[in-house]
Amino acid sequence: MDFRGRDLISIADLSKGAIYEVLEKAREMIPIARGEELDERLKGRVLATLFFEPSTRTRLSFESATHRLGGRVLSFGAPEVTSITKGETLADTVRMVEAYSDIIVLRHPQEGAARLAAEFSRKPVINAGDGAGQHPTQTLLDLFTIWDDKGVVEGVKVVLLGDLKYGRTVHSLAYALALLGAELTFVAPPTLQMPREIVDLVMDLGAEPGQVEDPAKAVKDADVLYATRIQKERFPDPQEYLKVAGSYRVDLALLRDGKKDLAVMHPLPRVNEIAPEVDRTPHALYFKQAFNGVPVRMALLSLILEA
Ligand code: NCD
């Protein structure tokens with residue numbers, strides 16, 4: 001696929017072939033991401049990050065990826081210091097920022113914000129999370145992590161555990177895993193189940209996702225256990241959050257029933273979904289997963305921005 005100048009708003013913007021193109025390129029980027037090789041292919045290019053929601057990994061890994069390829073980054077820190085507080089619209093903000101940069105990475109609490117920004121920007125826009133919508137670059141790094149660890153994605157048995165209703169990472173990831181032929185099982189408290197439209201989408205792609213409530217049952221023959229945080233900030237009613245808070249936890253007792261090479265993943269930040277005792281086991285893949293954000297975002301930026 002010709003990525004040059006393109007937006008990335010939803011993971012469904014990418015075909016299977018295009019996804020593998022990013023993963024292959026990300027593999028080549030690893031020595032540069034680690035700082036073992038120097039590279040300047042984005043010299044003179046400017047990436048703008050517009051983050052209207054908190055972020056640690058996504059913003060920093062985009063910044064690291066740009067710097068490692070010789071480019072520069074513009075960002076405004078906290079949205080409270082911008083003209084947004086004076087009432088400026090997202091559309092106007094985007095029209096300014098496109099004049100100051102070559103590519104815009106946007107995170108916003110509203111679903112559809114990235115799509116809207118892309119309509120107003122002639123420069124490429126990358127969605128770094130729009131409310132409970134999509135988080136396509138997280139999905140690319142999640143796929144890379146599975147592919148790197150298991151050697152393949154097709155046929156891999158993946159359990160998505162946690163807040164499947166509000167979690168944008170699992171919305172994008174479920175779609176991509178179905179597209180790439182992985183086997184899916186959804187495990188969530190009754191009020192946080194995967195939205196119907198995502199279930200329909202993955203079934204249209206030929207997947208037949210299992211749905212169970214008990215993590216112990218799902219873990220037994222899984223290859224990957226992908227845990228997520230309950231998205232407290234998206235609950236309309238704090239009482240509803242309290243009812244489900246702490247309702248699941250990945251600990252050594254749960255993993256004892258799983259395969260020896262079961263990989264535990266998490267987009268992070270974790271609150272208490274994964275016990276710290278898991279960190280020291282070979283199951284813990286989440287810190288490597290967070291590192292993989294750098295080579296994967298390098299691959300994407302280089303595909304979109306290189307002449
Ligand atoms: C996720 C997000 O922002 O959607 N974080 C991330 O990008 N790694 C997950 C979360 O906040 O729970």
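This note covers the ligand site and the pocket around it.

1. The model is predicted: local features need pLDDT of at least 70, side-chain atom pairs count only at pLDDT 80 or more, and totals for chains, interfaces and linings use all residues. Residues are numbered from 1 along each chain as its sequence is written, and side-chain values use heavy atoms, with hydrogens and water left out.

2. The ligand sits in the largest pocket. A pocket is an open set of points on a 1 Å grid over the protein atoms alone, where a 1.4 Å probe fits, with protein on both sides within 12 Å along at least five of seven lines. To sit in a pocket, a molecule needs more than half of its atoms within 2 Å of the grid points.

3. Residues around the ligand (a heavy atom within 4 Å) include Thr58, His135, Gln138 and Gln231. The shell divides into 3 nonpolar, 5 polar and 3 charged residues. Gly counts as polar here, and Pro as nonpolar.

4. Polar contacts are pairs of N or O atoms within 3.5 Å. A polar side-chain atom of Arg168 lies 2.7 Å from a ligand oxygen. For the side chain of Arg229, the distance from an N or O atom to a ligand oxygen is 2.9 Å. Pro267 uses its backbone: an N or O atom there is 2.9 Å from a ligand nitrogen. The protein covers 92% of the 320 Å² of accessible area that the ligand has on its own (Shrake-Rupley, 1.4 Å probe).

5. The largest pocket has a volume of about 380 Å³. It has 21 lining residues, and Arg107, Arg168, Arg229, Leu268 and Pro269 are the closest to its centre. Lining residues have an atom within 4 Å of a grid point. By class, the lining holds 4 nonpolar, 10 polar and 7 charged residues.

Conventions:
A polar contact is a pair of N or O atoms within 3.5 Å; within protein, one must be able to donate a hydrogen and the other to accept it, and residues adjacent in sequence count only if both atoms are side-chain atoms. Grid points are joined across faces, edges and corners, and a volume is the space filled by probe spheres set on the points.
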